[in-house]
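Please examine the structure shown below before reading the notes that follow.

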Amino acid sequence: MRPILVFGALALTAACRPYDLQSTLVNQDGLIPADRFAKYGTEQAQVIQIGRALGQWDGGTTPEARAIQVTKAADFAKTLPGIQSVTVDTLGYRLTVRFASGWRTAVLPIK
């Protein structure tokens, strides 16, 4: 009977792990470094600016804090020239930016 209780307790602790989405998104391993990507063109440099702004305002893990973080970055993105629209995804820590040239890309936080 005891092994079943131990196994059940172990299963409950393993099943209730915290899920940290932000650390997974911020991890830039395997990607082109941000400084080099910014040299590809004006729009790419703006994507890096928006990503750094998104990574700068970290208010916490609550949905309200994420909404404030993403809204601040979206407001910053709208001030840049050549940005046609900005779509906010508060639960996913990302923005979708459409440029006047027609290029659409997702912007993730950059630390």
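Helices H4 and H5 cross in a right-handed manner; a crossing has this hand if the near helix is turned clockwise from the far one by less than a right angle, and is left-handed if anticlockwise. The model is predicted, so that local features need pLDDT of at least 70 and side-chain atom pairs count only at pLDDT 80 or more, whereas totals for chains, interfaces and linings use all residues. Residues are numbered from 1 along each chain as its sequence is written, and side-chain values use heavy atoms, without hydrogens and water.

**The helix pair**
- The axes of H4 (residues 42-56) and H5 (residues 63-79), lines fitted to C-alpha atoms over the stretch in contact, come within 8 Å and cross at roughly 150°.
- H4 is therefore roughly antiparallel to H5, a term for angles over 145 degrees.
- Gln49, Ile50, Ala53 and Leu54 of H4 meet Gln69, Val70, Ala73, Phe76 and Ala77 of H5, where contact means heavy atoms within 4.5 Å.
- These residues comprise seven nonpolar, two polar and no charged.

**Ile48**
- Ile48 lies in helix H4 and is buried (under 20% relative accessible area), with a value of 7%.
- Beyond neighbours within four places in sequence, Ile48 contacts Ala34, Phe37, Ala38 and Ile110.
- The C-alpha atoms of Ile48 and Ile110 are 7.7 Å apart, although 62 residues separate them along the chain.

**The whole chain**
- The protein chain has five helices (DSSP runs of H or I, at least four residues) and three strands (E, at least two).
- Of its 111 residues, 29% count as buried.

Technical notes: Axes fitted to C-alpha atoms, helices over the stretch in contact; angles between N-to-C directions. Parallel < 35°, antiparallel > 145°, perpendicular 65-115°, else oblique. Nonpolar A, V, L, I, M, F, W, Y, C, P; charged D, E, K, R; others polar. Buried < 20%, exposed > 50% of the residue type's maximum accessible area, 1.4 Å probe, protein only.
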